[in-house]
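Dear colleague,

I am handing over the structure below, and after it you will find my notes on what turned up when I went through it. Please read them alongside the coordinates.

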Amino acid sequence: KNGSSIECDKAWKTGDFVWIQKSRGVMGYPVGDVNLKATFGETLGKAAGKGRGEPDKETLILELWELSGLQKQVAQLDDLSVAGLDEQYQAGRMPQQVYEYLVPILKDAYQADRIKRHLLARFQKSLDPACIEAVLSWLRSPLGQKITRLEEAASTPEGVRQMTMYAAMLQSDPPPQERLRLVERLDKAIKATDLMLDMATITVNETMNGVVAAMPQQVDIDPVTLSRHLKTHREEMRKQFQKAATTTFLYAYQPLSDKELEEYIAFAESEHGMRYHKVLVEEMKRIQLDAAYHVAKGMNSLLPSQM
């Protein structure tokens, strides 16, 4: 309505938003900001229904990618992956040669475009239209959008730093028991602890495989023994990751009331909510396996030169 125009591949209207698809993804605009007649022609119903504006499955998945916050979170994975290296290097505990060698390996392992392709392909294969529509209905809601913004903020490097300080504060100022009960339900519904535990196990296993392949004579523990060790201590590790998941939820969702958090849990525990999160968790584990293998191969080339 301000006189500007946007070139796009597709446009459609759902609820109070008009969505446009471009090569880079999907963007939404409030209906009040769009000249509907100029966009869709005289018969808006036809354009927003089964005519020119009807979105196909691929388009809806791109909208899900945008609204869920996955686009922004995945874009930050490469920076987050090297955060630990940065700390080690700045503290003088990692040689500059090793640091400069590993940083590009990690960044390439978590390359955003590749992860996006894997996730979108998995959604296309494993989510039916009814599930996609149910998830989008939640993500388009005001509360769904609010939660996405909170999750995006918590996943930034600054959010991670703030979360560390928040975790220390929890020792002296614990949350109410009801709040803890709610975040435990959410953790169970979206399988956050399971994901962190499995991804950590994958990373350790693949890293050790790379170390053993690089210098078998210098390593005292073989991958089989390590795998048994990880299984033996799995429950202890689970408790640690469950504590981390609880801290993450308590920090990220501080602005939410208990009622709002219960609404989120209701979606997560619904048939379509559980299906969506199950598919997402399974694909993220597969992506982590690929990334850990990529890093292990890089270590295979590095380690002999460091001996």
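**Salt bridges, core and a buried glutamine**

R161 and E158 lie three residues apart in helix α11 (residues 157-170), so about one helical turn separates them; helices here are DSSP runs of H or I with at least four residues, numbered from the N terminus. Their side chains meet in a salt bridge (3.0 Å, N to O), a term that stands for a side-chain nitrogen of Lys or Arg within 4 Å of a carboxyl oxygen of Asp or Glu. E158 is partly exposed, with a relative accessible area of 38%, where buried means under 20%, exposed over 50% and partly exposed in between (1.4 Å probe, protein chains only).

Please bear in mind that this is a predicted model, in which local features need pLDDT of at least 70 and side-chain atom pairs count only at pLDDT 80 or more, while totals for chains, interfaces and linings use all residues. Residues are numbered from 1 along each chain as its sequence is written, and side-chain values use heavy atoms, with hydrogens and water left out.

A search of the whole structure finds 18 salt bridges. One of them joins the side chains of D194 and R238 (2.6 Å, N to O); because D194 lies in helix α13 (residues 192-214) and R238 in helix α15 (residues 234-252), this pair ties together parts that are 44 residues apart in sequence. D194 is partly exposed at 27% relative accessibility, and R238 is partly exposed at 23%.

E263 also forms a salt bridge with K259, with the closest N and O atoms 3.2 Å apart, and these two residues, four apart in helix α16 (residues 258-269), are separated by about one helical turn. K259 counts as exposed at 57% relative accessibility, whereas E263 is partly exposed at 36%. Elsewhere, salt bridges that share partners join R122, K278, E282, E283, R286 and D290 into one network.

The largest nonpolar core has 67 residues, and those with the most contacts inside it are L119, F123, L186, Y253, L261 and Y276; such a core is a set of buried Ala, Val, Leu, Ile, Met, Phe, Trp, Tyr and Cys residues joined through side-chain atoms within 4.5 Å.

Finally, Q288 is found in helix α17 and counts as buried at 6% relative accessibility. Its side chain makes a polar contact with the side chain of Y110 (3.0 Å), that is, a pair of N or O atoms within 3.5 Å, of which, within protein, one must be able to donate a hydrogen and the other to accept it, residues adjacent in sequence counting only if both atoms are side-chain atoms.

With best regards
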